[in-house]
Amino acid sequence: MSWTRRFVLTLSAVLAALAATLLAAPGAQAHEERPVTFPDGSGSVPKLRTGEPDLLVCKTDRTDFTRRVSGFPTTLRTRNLALFERCVRDGYRHLQQAVDAVDRPGLTIAILPGLYEEEPSQPQPTGACATLEAPKSSLGYQILSYEQQLRCPHNQNLVAILGKKDLQIEGTGASRLDVVIDAKYRKLNALRADGTDGIYFRNFTAQRTTFNSLYVLAADGFVIDDVLTRWNDEYGFLTFASDHGLYKNCESYGNGDSGIYPGSASNINDGRGYDVPRYSIEITGCRSHHNMVGYSGTAGDSVWVHDNEFDNNMGGASMDSAFPGHPGLPQNHARFERNLIHDNNANYYPYVADGTCAKHPVDRGYEQGVVCPQISMPPGTGIITAGGNWNLYEDNWIYGHQRTAFFLNAVPAFIRGESAWAKQADTSHRNRYAGNRLGVDKAGVSRPNRTDVWWDGQGSGNCWQSDTGATTPGALPGCGARRGDVSGDTDRLVGEPVKLAQLLVCADYNVQARRLPAGCDWYGARGVQRVETQLALGSALVLALAGLAVWWRRLRGSRLAAVASLLGLAGLALDVAGSTLALTPTVVPALALLLTGAWWTLLGLALRPTRPVFAWTTVALGALTLLDAFDKAVLMVPGIPLSPAWLRLLLGVVWVLWAVVAAGGRSSAAPSPEPPSPTGPGGARPGEDTDAGAGAGAAGGAGGAAGSVGGAGAMGGSRSGPAPGGASASRHGSGLAAGSGTGSNLSPGSTSGPGSASPTGLRPGPPSGPAQARPGEEGTA
């Protein structure tokens, strides 16, 4: 690895380390489970069995049952009445009883219409189950082993389905609302299917848990068909470390994390390109709404998500590599197509701020629309990809979002627990956004997003369709006709500095501690409350003061410097304005950089005669700023590991310090009361302001050049004359006796000639001819 790349990676790690301190709190709140590995992939997606059920579950209240089925179509009502008679005779009253009776693969359990609270499973554990030794999660629940789950199945689960194979559980009602399994906020999970290859769930509702309603873990083959989940602290549906899965025609709402969560889906396509032989999980025909986020998947690998609707959440869908303990990281190979993703503008953070989410779940009001967001999430966003690779987003309808349609940022590897240098920048690569309908609904009605793209700039191979609206950055790599074709590709190891600062601040969220970062607009910050605007305002003030100090002390007489300073002030003002939510996606930020770059460039040119090194540093800073404007608005510069913004930031810090020194140094025009002193090389006295004073010293030694002297005698005055090379120098007299000028008002007996004068007096030099100046006289050399 080259030293330059190692340096950039080191810088990335240092910056990301700051993120880690803030991400640690929300990261600990993610789904925590025992160590688990992926299935071997030898299974298959189970098929629906339509024959008569093997086991029946019902309640015995005939009047209530008759009322529930009275509105069913005739055929369905007749079938349910017949099943009820059979169930009363030899069925079960609780679903767990029927599950426990399953003694071989391939059985079907039918649940008749009714409310199932599973009363025998609800009490708190006693005896040995109350004293299990197991690590605790950050949320306080125990992370139990599979053996402990077998021993104490109801410590955490209302219904525990452990190790059963090819089991089908279905409701017999006319809709999924006719069979309701209700945990009443007394269990982590309403149904837990653990190690249950071939499980099939169909046609019922599960609700009201302190984690998730339906949990499928380590299954090779599952189907979730026409099931509703709602009102949970975390997830509606959670499938984890599973393969050959299918969600279809499902619905979820009222969840504090996501409605649908295929986390750590089997990582079967790792190392492949866009074309893959199959996907591990398919999700189709589902609707997820009024959650924190409709769909999410830490390590949601090889998931095919098509023909669904995600709406009225805080975010439509997200996938990430931000939380450790999930096999299959970094996330890769999700495919989203033909989904309807719209109006995800809900904001549930006020329920955290006002203390609603600190109450017991029973008292929070989930049934009335309260949602308690569990992690940081930018409201008003369509699809969020936080550290994903090889994802395809094609042919979706995405509209009506108050923030952005697509949100893409990288996540360094150490956040997921990997410290190898080569992996630190291994996310946010080759994500393709093409052929989507942005800002318009299916009927063709205009429903614009505030912006269509928000990207931190990190990664390689990412591309976007050419018809996007407002984006940040304004210039994006374009997708070609074929997958993998990218025009204007970049390969950057670190995101934009201001965007990184925003992510750092916004990540410091904790629902348990009721901590909502004050500087983040995700939680309501506006105007100068936003960290982006605070940074822009602070840097503008520092740069303006430094620049004006340089102009006032060094360049007041320069018309070029005056024009440059005006441009700089305008650019800095626009930079502050461009940091606001309304103007960020417009041309204002690029225009601000253009004016600021012109300021530094012209200021540097004005400084050249007196401070050449500082001048060229200023010109370089101006060039970097202009390059940054080009990079953001016209074309992202290829072939560089860092954005020009980073180079501009680093050089800008040096420039401010240098400007302060330059403005605070001794001016070359200041009078000197000291007597003549020996000069050093080049005619400058020790301790003199060399960068500005060297020109004056050279002018003072130009006695042999043509010039004019205005005599002031003992009253002092000014002397000027052309210096060698055409430069002019001036010195104001100090009221001393004749001879205190700058090599033109000469002492008696002294001779004039090249090199015969010091800035404050004269030193002997070789005779130059009869032309000499006497005290009080004007003379010409």
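Trainee: What makes the link between the side chains of Arg492 and Asp631 a polar contact?

Mentor: This is a predicted model. In it, the side chains of Arg492 and Asp631 come to 2.6 Å. The cut-off for a pair of N or O atoms is 3.5 Å, so the pair counts as a polar contact.

Trainee: Which backbone oxygen lies 2.8 Å from a polar atom of the Arg492 side chain?

Mentor: That of Val637. Arg492 also touches both Asp631 and Val637, and its other contacts include Gly457, Met636 and Pro644.

Trainee: Why is Arg492 called buried?

Mentor: Its relative accessible area is 1%. Buried means under 20%, so Arg492 is buried. Arg492 sits in strand 37, residues 491-492.

Trainee: What makes Leu191 and Phe201 stand out in the largest nonpolar core?

Mentor: Of its 71 residues, these two touch the most other members. Strand 8 (residues 199-209) gives the most to this core, four residues.

Trainee: Which residues does Leu191 touch?

Mentor: Among them are Leu95, Ile161, Phe201, Phe204 and Tyr215. Another core lies apart from the largest one. This other core has 33 residues, including Tyr253 and Leu503.

Key. Residues are numbered from 1 along each chain as its sequence is written. This is a predicted model: local features need pLDDT of at least 70, side-chain atom pairs count only at pLDDT 80 or more; totals for chains, interfaces and linings use all residues. Side-chain values use heavy atoms; hydrogens and water are left out. Helices (H or I, at least four residues) and strands (E, at least two) are DSSP runs, numbered from the N terminus. Buried means under 20% relative accessible area, exposed over 50%, partly exposed in between (1.4 Å probe, protein chains only). A polar contact is a pair of N or O atoms within 3.5 Å; within protein, one must be able to donate a hydrogen and the other to accept it, and residues adjacent in sequence count only if both atoms are side-chain atoms. Contact means heavy atoms within 4.5 Å. A nonpolar core is a set of buried Ala, Val, Leu, Ile, Met, Phe, Trp, Tyr and Cys residues joined through side-chain atoms within 4.5 Å. Lists of a residue's contacts leave out its neighbours within four places in sequence.
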